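Q: I have a protein model open and want to learn how to read it. Can we go through it one feature at a time?

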Amino acid sequence: MRFDVVTLFPELVNSLIASGVVGRAAGQDIINLTCWNPRNYTQDRHQTVDDRSYGGGPGMVMKVEPLRDTVRDIKQQTVFNAETGRVIYLSPQGKRLDQAAVKELAKCSQLIFIAGRYEGVDERFIETEVDEEWSLGDYVLSGGELPAMVMIDAIARMIPGVLGDEESAEQDSFMNQLLDHPHYTRPELIDDLKVPAVLTSGNHKKIEQWRRQQSLGRTWLRRPDLLNELELSDADRKLLDQFIAEHSG
Ligand code: 9WO
């Protein structure tokens, strides 16, 4: 899968491939990450990529031409396929990203991310060149680079072969639409805090049940909105009812 990022800060985005899961996938040529700087697509002496906002007010807006020429060059140089490729803009005005959307996007052959800066980009660029607008949440950052990096990380780990067997995405929080259960490692006792006995019992059936119950219980406590989306099995219902009884008792 190809990730292309249009950014005024390529070194920030390229730091993704220096380490971790994404870095390893890039090293194995499972993914390709390439940054494109719209400053290289300007025609004027000052390499101008922004200008004042029509209507007035503080702050600058990213100009159409450098962004449009960058996207056109990416599409030409990488032989962009309009069926399997997407141009994505990251902003608080986008649709909220969730794991289901991440899974869908992981089926694409190429994603071109537009990382905006300043107060945003000229709306005409979004209208004509952008396929999808995504938001990570209701907060404002100083640019779209970090959201693009977040999306690349989330999408890359859904691509077959990116995660090792030990890291398998099937076990992740949200892959089963619930929050994750708690995790523990050595030592078994620290200060007066003990690891839950079930986890050291060696009873794998019991351990799996306990983890499922913790996932259900924590989702009930912290994200009831997620639970409302689900039709629980009889077994899950019993586990959750027991959790709720113990929690209020
Ligand atoms: C900056 C600003 C300053 C003064 C008044 C209003 C303002 N709005 C913005 C603004 O929204 N800037 C954005 C910065 C322009 C597009 C890129 N930026 C961005 C993307 N900030 N936050 C995101 C983002 C993307 C995805 N999910 C969450 C946040």
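Q: Let me start with one side chain. Is W220 buried, partly exposed or exposed?

A: Keep in mind that this is a predicted model. To read accessibility, compare a percentage with two cut-offs: under 20% is buried, over 50% is exposed, and partly exposed is in between. W220 has 30% relative accessibility, so W220 counts as partly exposed.

Q: Which aromatic residue does W220 pair with, and how do I read the angle?

A: Look at the angle between the ring planes. Over 60 degrees counts as edge-to-face. The structure holds 2 aromatic pairs. W220 and F243 form an edge-to-face pair, with 80 degrees between the planes and 6.4 Å centre to centre. W220 lies in helix α7 (residues 204–222) and F243 in helix α9 (residues 234–248), so the pair ties together parts 23 residues apart in sequence. F243 counts as buried, at 12% relative accessibility.

Q: What about the pair formed by F3 and F113: how are the rings arranged?

A: Apply the angle test again. Planes under 30 degrees apart count as stacked. F3 and F113 are stacked, at 25 degrees between the planes and 6.4 Å centre to centre. This pair links distant parts of the chain. F3 sits in strand β1 (residues 2–6) and F113 in strand β6 (residues 110–114), 110 residues apart. F3 has 0% relative accessibility, so F3 counts as buried. F113 is buried too, at 0%.

Q: Now the ligand. How many residues surround the ligand, and which are the closest?

A: Begin with the shell of residues, then look at single atoms. Here 18 residues surround the ligand. The closest are Y89, Y118, E119, L136 and L141. By type, the shell divides into 10 nonpolar, 7 polar and 1 charged.

Q: Which backbone atoms lie by the nitrogen atoms of the ligand?

A: Read the distances one by one. A backbone N or O atom of L136 lies 2.8 Å from a ligand nitrogen. For L141, a polar backbone atom is 3.0 Å from a nitrogen atom of the ligand. For Y118, a backbone N or O atom is 3.2 Å from a ligand nitrogen.

Q: How much of the ligand does the protein bury?

A: Start from the area of the ligand alone. Taken alone, the ligand exposes 610 Å². The protein buries 75% of that.

Q: Which elements give two or more residues to the shell around the ligand?

A: They are β5 (85–96) and β7 (132–135). β5 gives the most, with 4 residues.

Q: Where is R117, and what does its side chain contact?

A: First place the residue, then look for polar partners. R117 is in the loop between β6 and α5 (123–129). R117 is buried, with a relative accessible area of 18%. Its side chain makes a polar contact with the side chain of E145, at 2.9 Å. Leaving aside neighbours within four places in sequence, R117 is in contact with residues including L8, F9 and M62.

Q: Which residues does L227 touch?

A: Skip residues up to four places away in sequence. L227 then touches L178, L216, T219, W220 and L240. L227 is found in helix α8 (residues 224–228). At 10% relative accessibility, L227 counts as buried. The C-alpha atoms of L227 and L216 are separated by 8.1 Å, and these residues are 11 apart along the chain.

Note on methods: Residues numbered from 1 in each chain as written. Predicted model: local features only at pLDDT ≥ 70, side-chain atom pairs only at ≥ 80, totals over all residues. Heavy atoms only, no water. Near = heavy atom within 4 Å. Polar contact = N/O pair within 3.5 Å; in protein donor to acceptor, adjacent residues only side chain to side chain. Areas by Shrake-Rupley, 256 points an atom, 1.4 Å probe, with all protein chains shown as cover. Nonpolar A, V, L, I, M, F, W, Y, C, P; charged D, E, K, R; others polar. Phe/Tyr/Trp six-rings, centres within 6.5 Å; stacked < 30°, edge-to-face > 60°. Buried < 20%, exposed > 50% of the residue type's maximum accessible area, 1.4 Å probe, protein only. Contact = heavy atoms within 4.5 Å.
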